[in-house]
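Have the sequence and the 3D view ready.

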Amino acid sequence: MATELRQAAVVAAVSTVAGVALGLLWLWLAPRVPLISDGKAVFLRNSEGESAVGADGTFVLLALGFGAVAAALVFLFHRHGGVGLVLALAAGGVLGSLLGWGVGTFLGPTHDVVAHAREVGAGVQFDAPLKLEMWAGALLAWPLAAMIVHLSLTALFGPRDTELEWPPEGDAGDKA
């Protein structure tokens, strides 16, 4: 039991720390939402652009990948793991997603759009802050992918229980 708890703690910690990599990749790969100011107001450079949705999609796809890799690694190293490892995989996925979201938004463009617009001046394009519009679904992508991949790997390649014969040999019912 102590070994399983230790392994679960390591899985949760490593998954959480991997959230930093998720945040940095999201910051690097997410499309930018271009803004422009006329000196009085801030506008979208391209009002029909889909960059905001692309930022959410990029985060979700990265989180799905992180979840799948985490589950595969946990299965590879702990084939006989129990419920504690699976719960740690899910909890670490949620914490890793939260950390990735925080890292991406913290290191990304500033959230004070008005001050940034004044700083760059009128007519100059700048990037909107990086944010998740559909945050609830995006934060669940990692743990859901991890659970699906881990369950699939366990079902396909996990240890099998020995099957018992029925009725057992030497049973009184055999004499009839």
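Helix α2 (residues 51-77) and helix α5 (residues 135-157) have axes that come within 7 Å and cross at roughly 35 degrees. The axes here are lines fitted to C-alpha atoms over the stretch in contact, with angles from 0 to 180 degrees between N-to-C directions. Helices are DSSP runs of H or I with at least four residues, and strands are E runs of at least two, numbered from the N terminus. Where α2 passes α5, the crossing is right-handed (the near helix is turned clockwise from the far one by less than a right angle).

Who touches whom? Contact means heavy atoms within 4.5 Å. On the α2 side you'll find F59, V60 and F66, among others, and on the α5 side W142, L153 and F157 are among the partners. The residues of this contact divide into 20 nonpolar, 3 polar and no charged.

All this comes from a predicted model, where local features need pLDDT of at least 70, side-chain atom pairs count only at pLDDT 80 or more, and totals for chains, interfaces and linings use all residues. Residues are numbered from 1 along each chain as its sequence is written, and side-chain values use heavy atoms, leaving out hydrogens and water. The confidence score, pLDDT, runs from 0 to 100.

| Part | Mean pLDDT |
|---|---|
| protein | 87 |
| strand β2 (residues 42-44), lowest | 76 |
| helix α3 (residues 83-107), highest | 95 |

Now for T105, which lies in helix α3. Is T105 buried or exposed? T105 is buried (under 20% relative accessible area), at 16%. Leaving out residues up to four places away in sequence, T105 touches W26, H111, L130 and K131.

Methods. Nonpolar A, V, L, I, M, F, W, Y, C, P; charged D, E, K, R; others polar. pLDDT = per-residue confidence, 0-100. Buried < 20%, exposed > 50% of the residue type's maximum accessible area, 1.4 Å probe, protein only.
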